[in-house]
Amino acid sequence: MLYRIIQRLSILGKMENAPSFISDQFYTKRVSDLHFRHLRLVSSDTSIQDCAKRMAREQVSCLFVGESSDQIEGYITDITLRDEVLAKGLSPDEPVKLIVEYKMVSISPDASLVEALLLMFRTKSRYLLVEDQFQFIGWISRNKILTEQSQGPFMFIQSVKEARQISELKSKWDRMPEIIHLLLSRGMKAAYVNQIITTVADTITQRVIERVIKEIGPAPAKFVFFVLGSEGRGELTLNTDQDNAIIYEDKANEQRESVRAYFLDFATRVSTALDQIGIDLCEGDLMAMNPKWTHSLSHWKRNYESWIADASQETAMKYSTFFDCRAIFGEEGLLEELKNYMYKLVESAPERFFVNLGYNALQYEPPLTFFRKIRTEKIDGEKQFNLKHAMRTMVDLARVYALRHQVQATNTSERIQSLQEKGVFSAAECQELNHAFSYLMALRLENQAEIIMAKSPQPLNWVKIDRLTKVQTVTLIEIFKVIRDFQARMRISFTKSL
């Protein structure tokens, strides 16, 4: 029933926005709709000069290195020739294997162009291999996709990548409510909108980090700057603050104090700049500038050991967000090592660890009255309800089940999908949960954008009940019933109580 209601509402929305959909076909196009280029292959022993000649002759900016399409080793681009050959004075007679870039990213031809661009921005790739049934069949460039959309969020992301001054980055972030409102009104899925907000926030943070490193000098040790909570899950909204931390490599005893001092100064400068841009400081002080959240890798491992061994309800409440983390700058391998270590600890965690995570996920109940109406509170004389609390229930639910069943995804929808693949949720349950989460997220984002653009003092996560249509009200009631039923299942599964 819930799926049919949401589907009906979606159709109504599309009818209202029909002209926008006609003019914005970009959002429905797939990679296969593009005339992607065929692979140009050279062997690893081909000279750099011969590669450059071929690129000039065939007017391409990318060559792939390998013996065949299923044995690709890497690639070179025109930028590779500039940075690795000309800038370093490397002889063009040398074999191309000396300058090959090995980090390749691929995508299915069935993926949307939206997904392709988000993947490119997330992985900092200018090119994607097109992979169909484990076979590379071609490649596409970022410029090729961007020509499909001369205006819109992806050109905006590109403009953020090119910004450097704090004032310029602030002006970009200030435009986000307008852009998000426009995308939602045109029917873009909430999951994509989340990723766009997250990508912009990531890009701004990366620009700030690069600026700080330029100011204070290179880091004295390998490190990774990572984000937690909603940004770690890729579910940022317009009402966001900073949740971040730093892991740096273990150094000799005599270097520890100077290394730590550098990263605390570095983190303070980064967070201060982000706050000036409009990404607020965390009220709970969950930031790398807090000495509690900037540590060596070994210290972080001890943190997770302590949290999981303690397994108290208070610990579950305080540190559950640390299970939703994602690297955005630096040596990603440091975070991967920590996460792999963490999952080994979780595998042998005491039962009370999951019990207390379960209790933590049951703190918020969906706002339903006994008579199955939306329960509200009066704020400034108007009946409102907190949409963030309703969604937090679903986020916590997905996290607990994911940790119990060793699902390493951090995004809520991806966790739910993986749990279905493991047989924890049925296909119908997965569909209901994901549609419910997507609907709530779209409503939350639209509500936030409207409040910000109206310069209203209303809290950004509260929705006025009289602003809802009858269809929206019915849909929300059905969603809250779904959440309540899953909470009942969790109560039995994790807390062994009714």
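Tutor: A cavity is a set of grid points where a 1.4 Å probe fits but cannot get out, and its lining residues have an atom within 4 Å of such a point. Please keep in mind that we are looking at a predicted model.

Student: Which elements give two or more residues to the lining of the largest cavity?

Tutor: The largest cavity holds about 70 Å³ of space, and its lining includes W307, T315, Y319, F353 and L357. By class, this lining has seven nonpolar residues, four polar ones and no charged residue. The elements that give two or more residues to the lining of the largest cavity are α14 and α16 (351–361).

Student: Which strand gives the largest share of the lining of the second largest cavity?

Tutor: The second largest cavity has about 60 Å³ of space, and among the residues that line it are F64, Y75, K103, Y127, L128 and L129. Its lining divides into seven nonpolar, one polar and two charged residues. The largest share, three residues, comes from strand β5 (residues 127–132).

Student: Turning to the second largest pocket, which element gives the most to its lining?

Tutor: The second largest pocket has a volume of about 1,200 Å³, and of the 38 residues that line it, D241, D243, T321, K388 and R392 lie nearest its centre. The elements giving two or more residues to this lining are α11 (229–232), α14 (313–319), α17 (387–404) and α19 (427–453). With seven residues, the element that gives the most is α17.

Student: How many residues in the lining of the second largest pocket are charged?

Tutor: Asp, Glu, Lys and Arg count as charged. The lining of the second largest pocket has 13 nonpolar and twelve polar residues, and the number of charged residues is 13.

Student: What is the phi of F134, and is F134 buried or exposed?

Tutor: Most residues other than glycine have a negative phi. F134, in the loop between β5 and β6 (135–141), has a positive phi near 65 degrees. Exposed means over 50% relative accessible area, so with a value of 78%, F134 is exposed.

Student: Which loop holds D380?

Tutor: D380 is not a glycine, yet its phi is positive, at about 55 degrees. D380 is exposed, with a relative accessible area of 73%, and lies in the loop between β11 (377–379) and β12 (382–386).

Definitions and conventions: Residues are numbered from 1 along each chain as its sequence is written. This is a predicted model: local features need pLDDT of at least 70, side-chain atom pairs count only at pLDDT 80 or more; totals for chains, interfaces and linings use all residues. Side-chain values use heavy atoms; hydrogens and water are left out. On a 1 Å grid over the protein atoms alone, a cavity is a set of points where a 1.4 Å probe fits but cannot get out, and a pocket is an open set with protein on both sides within 12 Å along at least five of seven lines; lining residues have an atom within 4 Å of a point. Grid points are joined across faces, edges and corners, and a volume is the space filled by probe spheres set on the points. Helices (H or I, at least four residues) and strands (E, at least two) are DSSP runs, numbered from the N terminus. Buried means under 20% relative accessible area, exposed over 50%, partly exposed in between (1.4 Å probe, protein chains only).
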